[in-house]
Amino acid sequence: MLKRYAMVAVPVLFALAAACAPKRSYTTVEGVMLGTSLRVVADVEGVGTQELYAAVMELDRQAKASMSIFDEGSLLSRINRNETDRVDAHIAYCLRLADSIGALSDGRYDVTVKPLVEAWGFAGKERTREPNVDSLLEFVGREKVAVRDGRLVKTDPRVQLDFNSIAKGYTVDLLAALVERFGACNYLVDIGGEVRCRGVNRQGGPWRIGVETPFDGNMTDGEYVQRRVRMTEGGLATSGNYRRYYLDDRGRKVAHTIDPRTGRSAVSRLLSVTVAAPTCAEADALGTMFLAMGADDALAAAERMPGVKVYFILAGEDDYEEYVSPAMQELIMN
């Protein structure tokens, strides 16, 4: 099962790079991308910081113009409003990957979830006090859309797509491809904590990426780190319900991860999911899938996928509990 999604999901965007030269000087670019933090550390040569930054900002513009649900003029927003049915390469790729991850999810991962996410107040719209979940579920379901000859065909015009569970990771992959085109052999690219890396850091060792402690309201951007992961290749993404949430009128936690089967917030004692995968898009989507499953089903699913690299942080009676899959063990730093 895992092999099947991996074969489908790994993009063909990245050409094989030439053999890398010995370690060179590193360039760092920092700023804002996709409305969140950006950091690029790469051993590009002959490329100024301003030139690299300008190229990164152009990629930011292109990604938002294609896949953003917050930009009313994006292609995805126009598709959702039925103003066009044309899809570009970015949207077509994300749909294919969503299908391959969705096949593993028992219905818990579905990018047609936007009407539900919006009703609960997590898609840039004011939340509905008591969403009519049953009526919204009538036009949620990946089987209700298909791409044919470059066009998106909907069985119901009310179907809408939300790529927030995959687009950031996918853009991280595009950013990695960009620095490779600039000649980087060793790099780490990071958009809002989602990462893709290759090679070694300035000290010649593996890249080290922190996994935050998932207490409610942790907005400190790395001040509280539960574990660190060491990597020399691939993507890493963490999903959690400890930042984007609110308490409803009854004091119940409503988090941004929505279970497409029930139409309701997927809140369980599974607090954080970190996934390492060949691409950051895969890691991003798988992280959302496991989080939507809840603790028991996510643990069972991970056991059925022997090659999956996951690190779960769960709420215990007095402290956090952790699950590290066998394939992830070598990446976790003690």
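Analyst: Start with pairing: two strands pair if DSSP finds at least two bridges between them. The model is predicted.

User: What makes S7, S8 and S17 a sheet, and in which order do they lie?

Analyst: The three strands form an open sheet with the order S7-S8-S17 and antiparallel pairing. Take S8 (residues 225–231) and S17: two bridges join them. The criterion asks for at least two bridges, so S8 and S17 count as paired. Within that pair, Val229 has Ile332 of S17 as its bridge partner.

User: Why are S7 and S17 called edge strands?

Analyst: Strand S7 (207–212) and strand S17 (332–333) each have a single partner strand, so one side of each lacks a neighbour in the sheet.

User: What is the order of the eight-strand sheet, and which strands are its edges?

Analyst: The order is S1-S2-S5-S6-S9-S14-S15-S16, in an open sheet with antiparallel pairing. Strand S1 (27–33) and strand S16 (320–324) are the edges, as each pairs on one side only. On average, neighbouring strands of this sheet are turned by 10 degrees against each other, direction ignored. Strand S15 (residues 309–315) pairs with S16 over five bridges, in the antiparallel sense. There, Ile313 stands opposite Glu322 in S16.

User: What does helix H8 touch, and how is H8 oriented to S14?

Analyst: Helix H8 (residues 280–293) packs on the sheet and touches strand S6 (194–198), strand S9 (233–240), strand S14 (270–277) and S15. The direction of H8 makes about 155 degrees with that of S14. Helix H9 (residues 295–304) lies across S14, S15 and S16, and runs at about 155 degrees to S15.

User: How do you know that Cys197 is in no disulfide?

Analyst: The nearest cysteine sulfur, that of Cys280, is 9.9 Å away. A disulfide needs sulfur atoms within 2.5 Å. The sulfur of Cys280 has its closest cysteine sulfur in Cys197, at that 9.9 Å, so the pair is too far apart for a bond. A search of the whole structure finds zero disulfides.

User: Are Cys197 and Cys280 buried or exposed, and what is the criterion?

Analyst: Buried means under 20% relative accessible area. Cys197 has 0%, so Cys197 is buried. Cys280 also has 0%, so Cys280 is buried.

User: Why is Phe139 called buried, and where is Phe139?

Analyst: The relative accessible area of Phe139 is 9%, so Phe139 is buried. The residue lies in the loop between helix H6 (133–137) and strand S3 (145–148). Leaving aside neighbours within four places in sequence, Phe139 is in contact with Pro115, Lys144, Asp156, Arg158 and Val159.

User: How many residues are in the largest nonpolar core, and which have the most contacts inside it?

Analyst: The core has 83 residues. Those with the most contacts inside it are Val40, Ile91, Phe163, Leu175, Phe290 and Phe312. H8 gives the largest share, nine residues. A second, separate core of 18 residues includes Tyr26, Val211, Val229 and Leu331.

Note on methods:
Residues are numbered from 1 along each chain as its sequence is written. This is a predicted model: local features need pLDDT of at least 70, side-chain atom pairs count only at pLDDT 80 or more; totals for chains, interfaces and linings use all residues. Side-chain values use heavy atoms; hydrogens and water are left out. Buried means under 20% relative accessible area, exposed over 50%, partly exposed in between (1.4 Å probe, protein chains only). Helices (H or I, at least four residues) and strands (E, at least two) are DSSP runs, numbered from the N terminus. Axes are lines fitted to C-alpha atoms, for helices over the stretch in contact, and angles run from 0 to 180 degrees between N-to-C directions. Contact means heavy atoms within 4.5 Å. A nonpolar core is a set of buried Ala, Val, Leu, Ile, Met, Phe, Trp, Tyr and Cys residues joined through side-chain atoms within 4.5 Å.
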